[in-house]
Amino acid sequence: MAHSTESVPLVRAMYHDDDVLISAVKQIRAAGFKISEVYTPFPVHGLDKAMGLKESRIALAAFMYGVIGLTVAVTLTWYMMVSDWPQNIGGKPNINWAMNMPAFVPILFEMTVFFAAHLMVWTYLVINGLYPGADAKNPDPRTTDDYFMVELPAAKGLIETLQKSGAVEIAEA
Amino acid sequence: MHYESTERKPLILGDKSYHQITEDVVRPIETAAPRAWWVAFSIALVMFLWGAGSIAYTVATGIGVWGLNKTVGWAWDITNFVWWVGIGHAGTLISAVLLLFRQRWRMAINRSAEAMTIFSVIQAGLFPLFHMGRVWLAYWVFPIPNQYGSLWVNFNSPLLWDVFAISTYLTVSVVFWYVGLIPDFAMVRDRAINPVQKHIYKILSFGWGGKAKAWQRFEEVSLVLAGLATPLVLSVHTIVSMDFATSVIPGWHTTIFPPYFVAGAIFSGFAMVQTLLLIVRKVFKMDDYITIQHIEMMNIVIMVTGSIVGVAYITELFIAWYSGVEYEQYAFLNRATGPYWWAYWSMMTCNVFSPQLMWSKKLRTNLVFTFMISIVVNIGMWFERFVIIVTSLHRDYLPSSWSMFSPSFVEVGIFIGTIGFFFALFLLYARTFPVIAQAELKTILKTSGEAQKKLHNDHGAQH
């Protein structure tokens, strides 16, 4: 896979409408060409399905992070309130963690949310290669305004397919 | 392609294209600040400096410079803390709860509402921080190993729950806001001409390129964050209310507090969103995006939550009578007819009576009226917290220790300082950040744009 994109020059086709883009992506794929990337100014609904992208698993990751947060909160409250230094505070039972648990519900909840939200967003930034000062990933600045770009390796008959699909500009990079 | 019923009013007025949305959103960033902005910013800065001076005086001298006494140990600062946290709630409600309910009208207002959330939670945090007295030991609220044993923090205490709730709420709100801002900063970056500006927005936009996979993840992350933020926002004010509800003080020790506080928070938060957005709309000429319909929707939320708050007030009174506990009964009688009667009746007028006017469609679509009510509601909600806190404390079980509370000029100064700080932050935000979530708004242009809807309807009629 990697060697084909390195040796073959890329073709960039610009579209000016999201509905045209969706149908173009379908046409390009139906004609047997492989799309390397699509740049859009906003989330175009149905584009991931048209491109055949797999579903994101980031929600599953968030769930796991939440479980970690809950575990940390249970450990923290058990160690500090029951194991290390149990104290009689307001007559609340501190013989074991389970009896004292109702008073810890807010902490358990907040820690779960804290871990799930923050670790998910860190994951999101890392897998997308987003960090302060990173170079813009879109080759053409118009794709954050109102243009949509399809990027794919050059191949025979590709230009004709792109022209037919409604591209307003085609350039070889 | 998804089309919307003709019954639904357009959410974006006029004949807009994607490019026109970009131009309209970026205009306040790319043009010089109007004179009114500088005037407002200067006033906010002066207020902020006064507050900073008052805080410096408090820290240097001690909490004794406030008007607190042995009977009323909690008053002005906690009132302001609860008031600011409550205001913050509307931002999360708009961006998270309305996202889960697929309310598209949120898209024009969620960015500013979330900014308001973050800036007001910052103000809220200042009050308990400086009420600690020795602010340089503020890190003691976190469970950090220490030389006293270790003597840990008390996880049974609602005050500690508050520390966890507020810090989770603030940081998760910032992250939620920023994830949405990244694509919009990229838009500003890609059209910036000034190299300094381009460099700043390059840093802020984290290199966003709008790749299809990144957008897919973006949508999933937004949905999960909304799902997490929804119970979070409800938990925050619930826990704030438990600061009071778990104390054995007549007037505080009631189970109605959590839902009653949450409703009040949404009520005051939406009022503050109205105040800010009516100004943003006017100054930046965003009338096509923040339409009368948006204003009306928010007024309906204010009316509904105001009514819930009214029912809660009456329920409290009924339960005090029905409980047969004379201390409880006296606490409420004292609220309405005691020395702080004026605070109680200000609260009743502002919070229970004034939102009922919104039943009239003519009034709730009137901008001047909406602006006035939004201020009135926030005054009322400030009085609500003052009434709950001070009137419950100032006459306790022992009549010999009954006393009154009045704030010192230092406390008033800190409160005015937070208002200045809040507006200074919001004014800076309005000049440098995209005030409308333009990437999100572009997704509804074809279904909810006025010209696009009309075109589709005219076209559809021919079939």
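User: How far apart are the C-alpha centres of domain 1 and domain 2 of chain A?

Analyst: They lie 48 Å apart. The model is predicted.

User: What makes these two stretches domains of chain A?

Analyst: The bounds come from an automatic or database domain assignment. That assignment gives domain 1 as 2-41 + 146-172 and domain 2 as 58-127.

User: What is the strand order in the open sheet of chain A, and how do the strands pair?

Analyst: The sheet has 4 strands in the order E2-E3-E1-E4, with antiparallel pairing.

User: Why are E2 and E4 of chain A said to stand at the edges?

Analyst: Strand E2 (37-39) and strand E4 (169-172) each have a single partner strand, so one side of each is left without a neighbour in the sheet. From one strand to the next, the twist averages 20°.

User: How do you know that E2(A) and E3(A) pair?

Analyst: Pairing needs at least two bridges between the strands. E2(A) and E3(A), the latter spanning residues 148-153, have 3 bridges in the antiparallel sense. They therefore count as paired. Take Tyr39(A): its bridge partner in E3(A) is Met149(A).

User: Which helix of chain A packs on the sheet, and which strands does it touch?

Analyst: Helix H2 (residues 18-30) does, touching E1 (10-15), E2 and E3 of chain A. The direction of H2 makes about 15° with that of E3(A).

User: What makes up the side of chain B that touches chain A?

Analyst: In total, 54 residues of chain B are in contact with 56 residues of chain A. Contact here requires C-beta atoms within 7 Å. Helices H1 (18-30), H5 (158-191), H6 (195-205), H7 (212-245) and H15 (438-443) of chain B each supply at least two residues of that side. H7(B) gives the most, with 16 residues.

User: How do the residues on that side of chain B divide by type?

Analyst: They divide into 29 nonpolar, 15 polar and 10 charged.

User: Why is chain B called as compact as a globular protein of its length?

Analyst: The radius of gyration of chain B is 24 Å. The globule rule gives 23 Å for 463 residues. The two values are close, so chain B is as compact as a globular protein of that length. The secondary structure of chain B comes to 17 helices and 0 strands. Along the principal axes, its C-alpha atoms fill a box of roughly 80 × 50 × 45 Å.

User: How much of chain B counts as buried, and by what test?

Analyst: The test is 20 or more other C-beta atoms within 10 Å of a residue's own. Of the 463 residues of chain B, 50% count as buried.

Methods:
Residues are numbered from 1 along each chain as its sequence is written. Chains are lettered from A and ligands numbered from 1 in the order in which they are written. This is a predicted model: local features need pLDDT of at least 70, side-chain atom pairs count only at pLDDT 80 or more; totals for chains, interfaces and linings use all residues. Axes are lines fitted to C-alpha atoms, for helices over the stretch in contact, and angles run from 0 to 180 degrees between N-to-C directions. Two residues are in contact if their C-beta atoms, placed from the backbone, lie within 7 Å. Ala, Val, Leu, Ile, Met, Phe, Trp, Tyr, Cys and Pro count as nonpolar, Asp, Glu, Lys and Arg as charged, and the others, Gly among them, as polar. The radius of gyration is taken over C-alpha atoms; the globule rule is 2.2 Å times the number of residues to the power 0.38. A residue is buried if 20 or more other C-beta atoms lie within 10 Å of its own, exposed if 12 or fewer, and partly exposed in between; C-beta atoms are placed from the backbone.
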